[in-house]
Amino acid sequence: MSVVGGRDIAEVRRRHLAALAYEVESRGLAWRFAGPEESLLAVYGVRTGRHVMVVATPSGDGWFYLWPGGGMADVTRLSEVADRLAALLG
């Protein structure tokens, strides 16, 4: 992978995480970017104090969100992922 390719991947990753951040915030959750080059999204349940780290990663021809406990969904299912995180973090 070239440096430019790596930079492009990092930019796409941040865009996917930013889209998810917008969705989880609209469901009453808090978030912040974390990790090197803001490569992770930390999502927090405001009332419960629970948190989870989410990554966006390329896979085959698309991108997926991954989170602990076996959570995995295509980034095109953004609303569903936000709903699942909201249910998880209460």
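Colleague: What is the relative accessible area of Trp31, and why does the residue count as partly exposed?

Modeller: This is a predicted model, in which local features need pLDDT of at least 70, side-chain atom pairs count only at pLDDT 80 or more, and totals for chains, interfaces and linings use all residues. Residues are numbered from 1 along each chain as its sequence is written, and side-chain values use heavy atoms, without hydrogens and water. Buried means under 20% relative accessible area, exposed over 50%, and partly exposed in between (1.4 Å probe, protein chains only). Trp31 is therefore partly exposed, its relative accessible area being 32%.

Colleague: With which residue does Trp31 form an aromatic pair?

Modeller: Rings of Phe, Tyr and Trp (its six-membered ring) pair if their centres lie within 6.5 Å; planes under 30 degrees apart count as stacked, over 60 as edge-to-face and the rest as tilted. The structure holds one aromatic pair. At 5.2 Å centre to centre and 75 degrees between the planes, this pair is edge-to-face, and the partner of Trp31 is Phe33.

Colleague: Is His16 buried or exposed?

Modeller: His16 lies in helix α1 (residues 3-25), a helix being a DSSP run of H or I with at least four residues, numbered from the N terminus. Contact means heavy atoms within 4.5 Å; leaving aside residues up to four places away in sequence, His16 touches Ala56, Trp63, Tyr65 and Val75. Because its relative accessibility is 19%, His16 counts as buried.

Terms used:
Helix = DSSP H or I, 4+ residues; strand = E, 2+ residues; numbered from the N terminus.
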